[in-house]
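Dear colleague,

Here is the structure I said I would pass on. My notes on it follow below.

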Amino acid sequence: MIQLNCRNVNSKIVGEENGLNLEQEFTNYQDKIKEIIADLNKRKDKPGQWLQWMNLGYNEETLWYVKEYASMVQGRFENILVLGIGGSALGGMALAHALLHPYWNLLSEEERNGYPRIFFLDNIDPDSMNALFDVLDLSKTLVNVITKSGSTAETMSQFLIIKDRLEKELQDNYRYNIVATTDKKTGVLRQIAEQEGYKTFVVPDDVGGRFSVFSAVGLLPLALVGIDIDSIINGIKDMDLALKNTDIHENIAAQNALIHYLLDTEKGKHISVMMPYSSRLKYVADWYVQLWAESLGKNKDKSGNDVSIGQTPVKSLGATDQHSQIQLYNEGPNDKIINFIRVKNFDTKMDIPNIFEYTGIGYLGGKTINQLINAEADSTRVALADYKRPTVTITLDKVDGYHLGQLLYMMEIQTAIAGELYNIDAFNQPGVEQAKNYTYALMGRTGYEESAHQLQEKMTTV
Ligand code: PA5
């Protein structure tokens with residue numbers, strides 16, 4: 001199981017002003033945490049609670065359909081192209097990046113065991129989109145368009161461009177190059193898919209985008225490139241079992257949620273940095289940033305009071321960002337909690353040859369890159385403690401599906417518990433919808449005329 005070390009949050013280490021008396025706080029919040037965990041588990045099956053993501057590890061049916069479809073299309077396509085944005089892209093990207101060979105798309109077909117290359121188009125930059133068409137033969141590409149609402153402007157504009165090109169190239173057969181993941185009943189993409197006869201998968205009810213990674217949203221792209229999704233599911237299930245424990249001393253999601261909440265509300269740590277020491281986990285930090293920001297950044301609490309709360313999440317990469325951000329984290333404002341992710345066993349052992357005797361570099365010879373990256377994680381943690389900066393360290397035995405299933409699920413539960421501590425709705429995103437609606441209005445969507453008019457007026461002054 002993954003581990004959480006929160007020693008460096010203790011006030012004994014980082015001082016009264018910056019840290020917590022953890023034992024005391026765990027005791028103070030023991031009952032509250034018990035209540036929150038019991039309540040989340042009680043509500044998770046009820047419609048309208050947006051907690052169905054807690055059941056995704058047990059959705060045998062989706063798992064079966066995803067694997068069945070993946071094996072059916074295996075060998076038929078050179079590329080998978082995922083269209084989606086935010087919660088419809090980040091989870092799949094994070095897991096694919098972590099679990100595939102880091103240069104997967106540059107490997108030969110044989111080296112990929114016949115599985116396709118994979119591309120995520122999660123932005124609408126015209127230059128990069130056009131450039132993608134230079135390297136992809138669309139007729140040999142399976143396009144997985146993912147949008148829960150079925151109408152997000154970024155995703156649907158990409159889809160319209162690609163559908164048009166595919167149809168011109170393949171005529172009626174173009175439909176076999178598209179698989180849509182969307183709401184089971186509502187939304188424009190659902191209508192189009194049914195009308196045009198695409199294969200479809202469902203974004204389950206009561207699962208928000210940022211909590212959808214373990215539905216077909218994340219699992220399908222992974223299965224299409226041959227990633228063992230069963231091991232991810234096993235990781236979720238084991239973590240789910242561990243996190244059902246209502247004793248905060250045994251529940252790492254509850255511990256980290258409480259630490260973040262208290263440091264934010266009582267010690268002025270308004271920033272949460274996610275810093276994996278593994279390039280393969282780089283996009284896990286991106287995924288976390290969305291999860292933490294969209295879930296907890298709210299202006300009203302559950303009773304409707306104005307609160308304007310939420311920690312600002314920041315992504316960082318060890319050791320790279322030691323040479324970019326750590327100066328600020330050590331000596332700048334003491335307003336952060338830093339989450340290190342450390343990998344115990346990398347897949348590869350990379351020896352550093354002993355070829356020069358110079359004092360400045362001679363010490364490196366005979367060591368491994370593995371030792372170096374973990375020594376850097378440890379020394380940065382200690383340096384931060386010297387500067388009285390609180391940190392927690394999450395340790396993964398390995399970067400594999402089993403441990404990533406655990407890690408991402410743990411962070412989801414941590415977010416849900418934090419939402420309850422802040423007393424806000426962690427599962428809505430009115431701020432995102434507002435910007436989406438303004439975009440619809442600006443682009444002339446029917447039904448948004450009034451909004452477009454107001455927006456035109458505002459744009460002259462704002
Ligand atoms: O987490 C969320 O709800 C959002 O980030 C959405 O995933 C994102 O806006 C994309 O929405 P949709 O899946 O409806 O296209």
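I start with Asp 347, which is found in the loop between strand 11 (336-343) and helix 13 (359-362). Helices (H or I, at least four residues) and strands (E, at least two) are DSSP runs, numbered from the N terminus. Leaving aside residues up to four places away in sequence, Asp 347 touches Arg 280 and Lys 398; contact means heavy atoms within 4.5 Å. Asp 347 and Asp 400 are 53 residues apart in sequence, and their C-alpha atoms are 9.3 Å apart in space.

Before the rest, some notes on the source. This is a predicted model, in which local features need pLDDT of at least 70 and side-chain atom pairs count only at pLDDT 80 or more, while totals for chains, interfaces and linings use all residues. Residues are numbered from 1 along each chain as its sequence is written, and side-chain values use heavy atoms, with hydrogens and water left out.

Overall

The protein has 17 helices and 12 strands. Its C-alpha trace spans about 70 × 65 × 50 Å along the principal axes. The radius of gyration is 23 Å, which agrees with the value near 23 Å for a compact globule of 462 residues; it is taken over C-alpha atoms, and the globule rule is 2.2 Å times the number of residues to the power 0.38. Of the 462 residues, 52% count as buried. Buried means under 20% relative accessible area, exposed over 50%, and partly exposed in between (1.4 Å probe, protein chains only). Of the contacts with a separation of 6 or more, 77% are between residues 24 or more positions apart.

Strand 5 (residues 178-183) has 6 of its 6 residues buried, so it is largely enclosed by the rest of the structure. Strand 5 pairs with strand 4 (residues 141-147) in the parallel sense, over 5 bridges; two strands pair if DSSP finds at least two bridges between them. Val 143 has Ile 178 in strand 5 as its bridge partner. Together with helix 6 (residues 153-170), strands 4 and 5 make a right-handed β-α-β unit. A crossover is right-handed if, with the strands pointing away from the viewer, the path from the first strand over the helix to the second runs clockwise.

Strand 5 also pairs in the parallel sense with strand 6 (residues 199-203), over 5 bridges.

Rings

A search of the whole structure finds 13 aromatic pairs. Rings of Phe, Tyr and Trp (its six-membered ring) pair if their centres lie within 6.5 Å; planes under 30 degrees apart count as stacked, over 60 as edge-to-face and the rest as tilted. One of the pairs is Trp 53 with Phe 427, which is tilted, at 6.2 Å centre to centre and 40° between the planes. Trp 53 lies in the loop between helix 2 (22-43) and helix 3 (60-73), and Phe 427 in the loop between helix 15 (401-422) and helix 16 (430-442), so the pair ties together parts that are 374 residues apart in sequence. Trp 53 is buried at a relative accessible area of 1%, and Phe 427 is buried at 10%. Ring pairs also link Trp 53, Phe 211, Tyr 409 and Phe 427 into a cluster.

Backbone points to check by eye

Most residues other than glycine have a negative phi, and most peptide bonds are trans. Gly 318 and Ala 319 are joined by a cis peptide bond, with omega about 0°. Ser 308, in strand 9 (residues 306-309), has a positive phi of about 45° and counts as exposed at 62% relative accessibility. Lys 388 has a positive phi near 65° and counts as partly exposed at 37%.

Regards
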